[in-house]
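Hi everyone, thanks for making time.

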Amino acid sequence: MEGCTVGVGVLACESVVVYVQAAQRRLGTDYPVFVLHYTDTDDPGRMKHQIVQAAEKMPKDIDTVLVAMGFCGGSWNQVEASRRLVIPRVDDCVSMLLNVEEGHSTNPKEMGHLYITEQEPDSSGKRL
């Protein structure tokens with residue numbers, strides 16, 4: 001894309017920021033990361049408000065936003081932005097982290113399981 005300047009930023013739920021950082025190290029990118037607090041994930045209306053505010057506060061030179069989070073109970077429903085949004089097709093961050101397929105897949109979570117992490121990811125993005 002010679003001659004084309006695209007400003008890219010990442011909008012990430014704070015629960016996946018360490019994975020975003022590991023992915024950037026692995027891919028050799030250094031996009032600015034704007035963090036959403038996960039405390040609002042239980043209320044789609046509050047989370048949507050946080051998303052809209054974060055998008056509005058991004059620098060003007062960012063025209064493409066890579067979203068590092070799921071739909072979180074419909075938080076992204078009818079969100080309008082003046083920037084191009086690239087949103088993964090997953091219901092939440094747990095599904096996003098468990099999904100190893102390149103395309104859309106069904107919800108990979110299993111009923112009755114608790115998904116927790118304790119350590120930082122390695123350079124490939126996997127937990128140690």
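Predicted model: local features only at pLDDT ≥ 70, side-chain atom pairs only at ≥ 80, totals over all residues.

Take Gln 24, which sits in helix H1. Is Gln 24 buried or exposed? Its relative accessibility is 10%, so Gln 24 counts as buried. As for what Gln 24 touches, leaving out residues up to four places away in sequence, the list is Thr 29, Asp 30, Tyr 31 and Val 33.

Okay, the overall layout. The protein chain has three helices and four strands, and starting at the N terminus the elements go β-α-β-α-β-β-α. The chain is 128 residues, of which 31% count as buried. Looking at contacts between residues at least 6 apart in sequence, 47% of them join residues at least 24 apart.

Now the sheet. In what order do the four strands line up? They go S2-S1-S3-S4, as an open sheet with parallel pairing. That puts strand S2, residues 33-36, and S4 at the edges, each pairing on one side only. On average, neighbouring strands here are turned by 25 degrees against each other, if you ignore direction.

Let's go through the pairings. S1 and S2 are parallel and held by four bridges. Within that pair, Val 10 stands opposite Val 33 of S2, and Cys 13 has Leu 36 as its bridge partner. On to the next pair: strand S1, residues 8-13, runs parallel to S3, with five bridges joining them. There you'll find Val 8 opposite Thr 64, and Leu 11 bridged to Val 67. Then S3 pairs with strand S4, residues 84-86, again in the parallel sense, over three bridges. Leu 66 faces Val 86 in that one.

I want to stay with S1 for a moment. How many of the six residues of S1 are buried? Six of the six, so S1 is largely enclosed by the rest of the structure. Here's a bit of background: in a regular strand, side chains alternate between the two faces of the sheet. In S1, Val 8, Val 10 and Ala 12 are on one side, Gly 9, Leu 11 and Cys 13 are on the other, and both sets are buried, so both faces are covered. Strand S3, residues 64-68, is mostly covered too, with four of its five residues buried.

Back to helix H1, residues 17-27. Helix H1 packs on the sheet, where it touches S1, S2 and S3, and its direction makes about 145 degrees with that of S1. The buried residues in H1 include Val 17, Val 20 and Gln 24. The general point to remember is that an α-helix has 3.6 residues a turn, so residues three or four places apart point the same way. Tyr 19 and Ala 22 are also among the buried ones in H1. Just after the helix, Gly 28 takes a positive phi of about 75 degrees.

Gln 50 is in helix H2, residues 44-57. With a relative accessible area of 12%, Gln 50 is buried. Its C-alpha atom is 8.3 Å from that of His 37, which is 13 residues away along the chain. For contrast, look at Asn 77, in the loop between S3 and S4.

How many cavities of 30 Å³ or more turn up? The count is one, and the volume of this largest cavity is about 30 Å³. Its lining is made up of Leu 11, Ile 51, Ala 55, Trp 76, Val 79, Glu 80, Ala 81 and Leu 85. By type, that lining divides into seven nonpolar residues, no polar ones and one charged.

Methods: Residues numbered from 1 in each chain as written. Heavy atoms only, no water. 1 Å grid on protein atoms, 1.4 Å probe; cavity = no way out; pocket = protein on both sides within 12 Å on 5 of 7 lines; lining within 4 Å. Points joined across faces, edges and corners; volume = space filled by probe spheres on them. Nonpolar A, V, L, I, M, F, W, Y, C, P; charged D, E, K, R; others polar. Buried < 20%, exposed > 50% of the residue type's maximum accessible area, 1.4 Å probe, protein only. Helix = DSSP H or I, 4+ residues; strand = E, 2+ residues; numbered from the N terminus. Pairing = 2+ DSSP bridges. Axes fitted to C-alpha atoms, helices over the stretch in contact; angles between N-to-C directions. Contact = heavy atoms within 4.5 Å.
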